[in-house]
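Subject: Structure handover

Hello,

Here is the structure I promised to pass on. My notes on its helix packing follow below.

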Amino acid sequence: LADKRMSVSALNPTQIATLQNHQNPSIRQPAQEILVAPGNTQRERAEAIKNFLPSLNLSGDAKAGLTIFQGRCVICHRAQGLGNAVGPDVVSFAASGKATILSNLIDPNREFQPIYAAYLVETRDGTTWHGSIAEEDADTLTLLQALGTRKVLGRDQIKSIKNLGISLMPEGLEAGLTLQQMADLLTFLNGNR
């Protein structure tokens, strides 16, 4: 990144937060200087929402929206028996309306339930793990990761646990979508309404 052989845009906000909060100062300090996550400011997220507002007035095709859902969302969300239960099931937010869904999709960090917060866990061997905390007790901590993968760590393995203060859902999932594709996705996510 420092030598400009790789663009910051190749990293998602979670990867950037992981590097900026790394336990090793030789990684953390340059990351804090070099990395500015693209599209992660409130102003930029608000602008992205504004750009997609016209999609709320388009007639969407739920079948086309399902295809987009399968390509972008099933890694962490479930709908109609498809996908992984990492984030909330589509049924849980379908009734909130297209405008709210649009806002949450483009700016997942604006508001999210604490159970979907991203955590960074470093083990004593220097490995870092990322996910939401699915379960914990006196002996173990279980992280829920994309694709529904669960990583169980013994408390004696853990060096540190840090709440990154962001949603496990990354920003930028709207990238490359047209207004019509967003309308299709919103129609699917809103239960064909």
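The buried residues of helix H7 are covered by elements that include H3, H4, strand S1 (78-79), helix H5 (90-94) and H6; helices (H or I, at least four residues) and strands (E, at least two) are DSSP runs, numbered from the N terminus. This is a predicted model, in which local features need pLDDT of at least 70 and side-chain atom pairs count only at pLDDT 80 or more, while totals for chains, interfaces and linings use all residues. Residues are numbered from 1 along each chain as its sequence is written, and side-chain values use heavy atoms, with hydrogens and water left out.

Eight of the eleven residues of H7 are buried, so H7 is largely enclosed by the rest of the structure (buried means under 20% relative accessible area, with a 1.4 Å probe and protein chains only). Among them are Met-182, Ala-183 and Leu-186. Just after H7, Gly-191 takes a positive phi of about 70°.

Helix H4 (residues 62-72) packs against helix H7 (residues 179-189) at an angle of about 95°, with the axes 7 Å apart. Axes are lines fitted to C-alpha atoms, for helices over the stretch in contact, and angles run from 0 to 180 degrees between N-to-C directions. H4 and H7 are therefore roughly perpendicular (65 to 115 degrees). Contact means heavy atoms within 4.5 Å; Gly-65 and Phe-69 are among the H4 residues that meet H7, whose side includes Asp-184 and Phe-188.

Regards

Key:
Parallel < 35°, antiparallel > 145°, perpendicular 65-115°, else oblique. Buried < 20%, exposed > 50% of the residue type's maximum accessible area, 1.4 Å probe, protein only.
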